Amino acid sequence: MRAALAPGVRLLRALPRDSRYRGLTLVLTFLCYTSYHLSRKPISIVKSQLHPNCSALGPNPRNDSNSSTWCSWVPFDGDNYKELFGALDNAFLVAYAIGMFISGIFGERLPLRYYLSGGMVLSGLFTALFGLGYFWDIHVLWYFIVVQVCNGLVQTTGWPSVVACVGNWFGKGKRGLIMGIWNSHTSVGNILGSLIAGVWVSSAWGLSFVVPGIIITAVGIICFFFLVEYPEDVGCSPPLHHMASDEEDAGGVTSNEKDPEAVTSNERPLSISGQSGADRSDSPKEPAEEPEAISFLGALRIPGVVEFSLCLLFAKLVSYTFLYWLPLYIVNVAHFGAKEAGDLSTLFDVGGILGGIFAGLISDYTGGRATTCCVMLVIAAPMLFLYNHVGQNGIGTSIAMLIVCGALVNGPYALITTAVSADLGTHESLKGNAKALSTVTAIIDGTGSIGAALGPLLAGLISPTGWNNVFYMLIAADVLACLLLARVVVKEVRGWCGCMARKRGFKEF
């Protein structure tokens, strides 16, 4: 007797073919960038193990070195260990920032599937090489610096590629919400990276890097075999990025009254044989003409790119300072162990997931991407101050403050790097040329990565003077990020006021 068709297969068959491929693209790109962040997180967890409090472990069994640093990993056993940690972070982030501007240009001109999967395999290699320094008993700083630089360069293949793929498949209608949910891969990757690294941080910290390296390599191989770059490649209908009724706001990001995703393959005209486009074969469609990739300066001239790029610089400075220094801050201030601090720091990323979804939902409803970011940044500044002063008063307070701060800090960061980048990369001024998507994404995230490099570096330099000064620096950066969006916010508000005035006029008429 033959069994009935599996319920999951029946569900897949019931979905339109376009929806199946869109879902596949979302899941694959989500897993890809989750693994990217998963491989970046271990360094923040392992820092406290590279220079632990050796006096708490008892006397030195070898009796041949300073009793307060005998268990530290050379060369991080000196009093300048915080500066060396800052150098490690900066080596990765400066290389990442420089490489990001170049990466978008390559991403527009190379097959995204090859570019993304190749970058993931190389990222896995360099992540594992950092951990192999433990097993090979390497104690020279330049080895870890070189590995970090190489890893920073190859990791730039990820973000422009995944945003371009998602932008190719999804129109503007519910992009903020969809990308807000999808962008939780950043926080999910950070959480998984923290938990995986925490398993071995106290026993064999090299595995905290080797295992994430294997994971990102495996996901890269899966991506190579299954990722579909364009809907046209499998006979699906491309999304509509703009409608005829679009009204362009002053920031260059448009808002739709209709949902372009409502235009599905079922609405395509019938072919000569009377069958709809959904019943055609899976053979790829040959595009009539390949549009030219946009230049770097051409992408900068798109309205809104400069403002959001500079805002992201300071927003990402705050986010990445927490990413790389929060576990060490918890160890020093709350006096938790390395594993407990790493686990507690994941709550910041839990808040980031909620903040990204909330920011996307609100910006879709209001049509104001810049205003949503600005409001969250304004609220984030006093929350950061409160976390530093009362966040360690109890475990309950610490958990609540970490979630709230994570939502307010990572919400605008998530919105700008996803929905805003995709909106600007398919802007009306491009006249339907979506080849700018990867370049625009790289410019925005590359500029943000400059802040990501500055934040941990400044934290390493300022932290010896006290953690209060680090938080003052973060609050100042948060305020600057908000101010840089002021012009776009004013124009969005004027657009809303004009729309309300027109509606009142119609009612009076």
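Start with helix 3, residues 42-50, and helix 10, residues 207-226: they pack at an angle of about 170°, with their axes 10 Å apart. Axes here are lines fitted to C-alpha atoms, for helices over the stretch in contact, and angles run from 0 to 180 degrees between N-to-C directions. Helices are DSSP runs of H or I, at least four residues, numbered from the N terminus.

A word on sourcing. This is a predicted model: local features need pLDDT of at least 70, side-chain atom pairs count only at pLDDT 80 or more, and totals for chains, interfaces and linings use all residues. Residues are numbered from 1 along each chain as its sequence is written, and side-chain values use heavy atoms, with hydrogens and water left out.

Back to the pair. Helix 3 and helix 10 are therefore roughly antiparallel (that term covers angles over 145 degrees). Which residues make the contact? Helix 3 supplies Pro 42, Ile 43 and Val 46, and helix 10 supplies Ser 208, Phe 209 and Pro 212. By type, that contact has five nonpolar residues, one polar and no charged. Nonpolar means Ala, Val, Leu, Ile, Met, Phe, Trp, Tyr, Cys and Pro; charged means Asp, Glu, Lys and Arg; the others, Gly among them, are polar.

Helix 3 is mostly covered, with eight of its nine residues buried, meaning under 20% relative accessible area with a 1.4 Å probe, protein chains only. Lys 47 is one of the buried residues.

Now the core. The largest nonpolar core has 112 residues. Such a core is a set of buried Ala, Val, Leu, Ile, Met, Phe, Trp, Tyr and Cys residues joined through side-chain atoms within 4.5 Å. Phe 144, Phe 322, Tyr 387 and Leu 474 have the most contacts inside this core. Its largest share, 16 residues, comes from helix 12, residues 305-334. Phe 322 touches residues including Phe 348, Tyr 387 and Leu 474, where contact means heavy atoms within 4.5 Å.

Helix 12 also meets helix 17, residues 467-484: their axes come within 9 Å and cross at roughly 160°. That makes helix 12 roughly antiparallel to helix 17. Their contact divides into 19 nonpolar residues, two polar and two charged.

Last stop: Gly 460, in helix 16, residues 437-462. Is Gly 460 buried or exposed? At 2% relative accessibility, Gly 460 counts as buried. Gly 460 touches Lys 82, Glu 83 and Trp 325, leaving aside residues up to four places away in sequence.

Key
Helices (H or I, at least four residues) and strands (E, at least two) are DSSP runs, numbered from the N terminus. Angles under 35 degrees count as roughly parallel, over 145 as roughly antiparallel, 65 to 115 as roughly perpendicular and the rest as oblique. Buried means under 20% relative accessible area, exposed over 50%, partly exposed in between (1.4 Å probe, protein chains only).
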